[in-house]
Every structure is written in structure tokens, then in C-alpha cells.
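Here are some notes to read alongside the model. Please keep the sequence and the structure open while going through the points.

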2 protein chains.
Amino acid sequence: MGHGGGGQLSADLVEHLFLPAFGSMGPTDLADAADLTLGTGRVAFSTDSYVVRPLFFPGGSIGDLAVNGTVNDLAMRGARPVALSVGFILEEGLLLSTLGRVADALGRAACRAGVPVVTGDTKVVGVGQADGLYVNTAGVGEIPDGVDIRPGRATVGDVVVVSGPIGQHGVAVLSQREGLEFGTDLRSDSAPLHGLVARMLEVSNDIHVLRDPTRGGLASSLCELATAAGVGVELEERAVPVPAEVAAACSFLGLDPMHVANEGRLVAFIAPDAVEDVLVAMQEHEHGREAQVIGRITDAHPGIVVARTRLGASRVVELPLGEQLPRIC
Amino acid sequence: MGHGGGGQLSADLVEHLFLPAFGSMGPTDLADAADLTLGTGRVAFSTDSYVVRPLFFPGGSIGDLAVNGTVNDLAMRGARPVALSVGFILEEGLLLSTLGRVADALGRAACRAGVPVVTGDTKVVGVGQADGLYVNTAGVGEIPDGVDIRPGRATVGDVVVVSGPIGQHGVAVLSQREGLEFGTDLRSDSAPLHGLVARMLEVSNDIHVLRDPTRGGLASSLCELATAAGVGVELEERAVPVPAEVAAACSFLGLDPMHVANEGRLVAFIAPDAVEDVLVAMQEHEHGREAQVIGRITDAHPGIVVARTRLGASRVVELPLGEQLPRIC
């Protein structure tokens, strides 16, 4: 509890654990707020809390997610991420070595993404008042002039593209859950996507909508976008890339891969004239190699996502009601 | 748990609880990140998590703290706060009515401060994995041209000013703790201070350092600043305004009022030539009426805070080691 009191132990934690972990990606002065210089007047701002269990899983950890998740939320606005804040909530008794591993992973992910942690906060709560640790990150980014990516820009005729195979993050985390461990070679797809988005925007400004299909999976993202924009989405089910291991695990667990969380994928609505060039650019990028067209935007059924099944039938894709996979991110 | 799953129940929570509570201070579109237009290229950025217990206390709630705490961190850079993010971590079984009261308080505080909530996130964890609810806020603000407020600007000869009586927040929260309830008329001092700071900056740009003495109280803030800036602080103990009720409660609880948290106070290091004008301006402002000089910056004992006691003796003011008052903010 002492490490959360704002006294000497808190200062030690910052000096000896967080600052070394965040390295050159950490705050340079210890003021209450960071002072950033941005090259543009348009700022993207986003936040997410991370409560994933277990803290470490194949292909990543809560530290990676906390960086990549917030970086990706900024990227989905077309923004260049500039800085992150980190807020830890620690449970009394958490091993400092565990906190150190998380902080290291977070620092490495920030370094890989090229986005520094510039400000932070730590609170400690009692035993049984948290579950190890939770992390919140917020991020700010610059939105380049002329970039306007938001749900409202969805246009009838837009082509729907997904940047790669779906479901890997959710299945990788579940494979490590206590009482549920199963063997799989799958690793989380956790990755920062702002480089991919920047490359897409170099090719064309006719990228209308971007979303990273995290909690609730591809189905939730498409349903939310259809509702927000008042357009219909027609999905070609067999075009949606589902790795064989994901399909097998989902069949075993009784899940729909379309509802499983991703942490390094994006779905884009792109003007039909631009889609070929953007797709080529995506496929040349490490995080978009398996990008493909999965559907299009229609005015036939506003607010509704319809999937054409492998058998040629149509089914309505629904927003899941609640929690299929608790604490997946 | 369903409300944390990113599905229909999550959407309902946003639509029917958060958006009405945040009112015109809430997000206007439901994208992953907010798009802000700032009038300057200098952006202040800060975050804090709030785990105060109980959630409601005399003079405030976790909702007020979450707004005022982050607004104040921005103000301590001299920034004009522009927008807030809010991240909730909810414990399964939390009453929706409790969440509603917190969200309402948060929305009202945002309205009072004139700083909208523009983006947010909600996670739900199982029973026994949190304690009701935790809130994280992050904030962005504009730093006006020419404003440069940071620990490193502390200068020998600067006058130390506190904006009002200390210790009220900590004592008000403790008076409601289970097993500790005691009668007091004290209310938390929780308040947004950016208006007061703006008024101070209108009078003079020679405000070198600002800090809000929250966790760890006035003692921690002064010790941290002395260390960060490599200067000594000489404190006139009898000049530090301690309300009689705070003194009585601290004596009863065995606490030093200098270590008790505040949520609507600031301490400033001000150039001696400017201090008289700034003090008058502060005293004319609702959040600075009882502002007064409590000490000065010296080169006699770098990194150390020395208090002259009421009896004329000197004592070293130390950074508390750890946690005197767990979960006070």
C-alpha cells in the first residue's frame, strides 16, 4: 500500500521501476502534466483501460495491449500518435517483479510503436480490490490536414476491407485461461497499426472509415458502424479470413470467430475507385500482408449487417448482447 | 459482466447512462478517438486514476475528483484545459443507480469546469476484482504562448504561496470511512483551479512553479519540488492555514495536516516582485480567497524543506515514506 501513497515509496517506484522500463520513451520531467509540441491544430484523443487476464499470453501481454490498443484508436482517426499516458491500478501484494515485467513490455511496445509515455499515475488498492493490476492508457495524436476518417463518412458503394486474419488475439488469451488451457500455436495479433494507416493514406485520401475490431470482434465493429452511419453492410462470409486454428478453437468453445477480439487488425470502408491501390499498399506492409476485400456498403438495409454464407444463403449478423469472453483486453 | 463486453449492453450503457449524464459535455460522435481543434501547438497532457473510498463524501464524490484532479494537473502547467477522457473499471454487481450517480456528478463537475468529456471506455471485472468502481481520467489542454511553469523554474528568492486552508479533503473523506466515522462540518475542498491560475497569469508571467498538493499533502509537494529543482524551501509553520476542525481531526487520528490530501488547493512559487499583485488577484477569486504567503525559496539547504515552528525552532519536513491515508483520491 505504501507504494500508492504519494510518498518516498511512490517516488522510488517511478525512479527505479517505471523510468528505466520506459527508457527514452519515458517522461523527461516529473511535473503533473506533460508539455507537448504538436505540428497541427487538430488533435486526436482517446483512452482505454486494460483488464485482460492472464497478464501474459502467447504473443503479448497487458503491457503490449495498453500501448497498441490506444495507438490503434488514434490511428483509426487517421492520426499520427504523439504521446501516451499510463495509469496503473495495483493490487496490494502484487509482486514487484510482475509489475516490472509489465512495465518492460509496455516500454518495449512504446519503443516499437515510436510513441513515448509522457505522463503517468499509480494507485494501490487493498487485497481483493483488484486482480493483480489494471492499466489505463490515453493517447494524443496529430490529425494531418485533409484527413477525415469517421463513421459518418461511410458511403453506399464503399468496399469493406479487413487487414488480416481474425480471432487470433481472443483465442490466444483464452488458451491460457485457468481451467481452460488448450494447446495452440496461435499468438495474439497485438500490433500497432498507425504505420499501416499512414501508408494507406499516402495512397489515397478516400479511406472513409477505419475501426479496429477489438472487444466483440468484427461483428460488433461492423454492426456499430452500420448503426452509426445509417448504412447497410453486405459481407461475403467465405472472404473473411479465419485461420484454421481459430476456427477449430471457436468450434470447440462454441464461439463465433466474428465475435472474437483482435488487437492488430483493422477494417476499412474505402471508395471503390481507390480500393485496388490501397489494397496493394496494405499487402506490402507487415501488418496488412493478408488484407482482403470482405464486403461492401449498401443502402438496401440501413443499420444492418447481412452475411452471405458459404451456401449462398443470407443471415443477419447481430451485435452480441453481452459478454462472450470476459476480460479479453 | 455483459455491460463490459463491447456488445449491445455496452452500447446501452453509453447511450442511456453516460451520454445523458455528460449532457452537452459528452462526446458528439462515437468514434474510437475524439477529434479536437486546438488554437496552439503546445499541448499539456495528464492522467490520474481515482480509487477513493467511499465513493461519496461530504463536499464531493469520485466523479468530482476525477474531473477536478485532472483539470488541476493541466492547470499546474498553466494550461487551459480543453477536453477529458474517462475510463471506468466496474465491479460486477455494482448498482446501475450508483454508477448513474457517479456519472451525473462527473458530468456536473465537467460542466462546472467547462471542460467536456470527449472520449471514454468501460470495462467490467468480476466480483472481488475491484471495489465498486474505479475511474481514470486523462486531459488535454492548451498552453498559452510564453507560459513556462515547471519545477525547474524555481528560483532562489521566490515566495511560496498557498491558495487556501489545507487538509479539508483528506479529513472529509476519512470522516466517512467505515469503522472510523466521526462528526465534522468539514467538506472536501475539491474544485477546479484553472480559472484561478488563468487569473494569476493575467497579472504576472513570473509564476515559476505550480503544484496541487493532493496525495501526501503539502509536505510531499514541497519536498518533491525541492528535490526536482535542487532548491531549499523555508516554511513559516504558523503561516500555513490549518482549519481548527482539520487540526482537531488530525490530532485525534495521529496525522500531520501537512501530509493530508487536498483537491482544490495549489501551492505556487512566485517571483518576489510579482507576489503582491498575484496575491491580491488570488484573494479576489473564489478559489483563492484565503491565499497567503507561507515561505520562500533559499539556496541554504538544496533539496530540503525546513519549517520554522511556532516556538521559533526549525525542523526538517520529510516526504512521508508510504501510505498514511490509503485510497484518499
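1. Helices (H or I, at least four residues) and strands (E, at least two) are DSSP runs, numbered from the N terminus. On that basis, chain A holds eight helices and 14 strands. The model is a predicted one, in which local features need pLDDT of at least 70 and side-chain atom pairs count only at pLDDT 80 or more, while totals for chains, interfaces and linings use all residues. Residues are numbered from 1 along each chain as its sequence is written, and chains are lettered from A and ligands numbered from 1 in the order in which they are written.

2. How does the radius of gyration of chain A agree with that of a compact globule? The radius is taken over C-alpha atoms, and the globule rule is 2.2 Å times the number of residues to the power 0.38. For 329 residues the rule gives a value near 20 Å, and chain A has 20 Å, so the two agree. The C-alpha trace of chain A spans about 65 × 50 × 30 Å along its principal axes.

3. A residue is buried if 20 or more other C-beta atoms lie within 10 Å of its own, exposed if 12 or fewer, and partly exposed in between; C-beta atoms are placed from the backbone. In chain A, 58% of the 329 residues count as buried.

4. Most residues other than glycine have a negative phi, and most peptide bonds are trans. A cis bond joins A:Arg53 and A:Pro54, with omega about -5 degrees. A:Pro54 sits in the loop between strand S2 (42–50) and strand S3 (56–57) of chain A. In chain B, the bond from B:Arg53 to B:Pro54 is cis, with omega near -5 degrees.

5. A:Arg327 has a positive phi, near 55 degrees. This residue is in the segment after strand S14 (314–317) of chain A, and is buried, with 21 other C-beta atoms within 10 Å. B:Arg327 has phi near 55 degrees and is buried, with 22 other C-beta atoms within 10 Å.

6. Two residues are in contact if their C-beta atoms, placed from the backbone, lie within 7 Å. The contact between the chains takes 69 residues from chain A and 69 residues from chain B. On the side of chain A that touches chain B, the largest share, eight residues, comes from S2(A).

7. Two strands pair if DSSP finds at least two bridges between them. S1(A) and S2(B) run antiparallel and are joined by four bridges. A:Leu36 stands opposite B:Val43 in S2(B).
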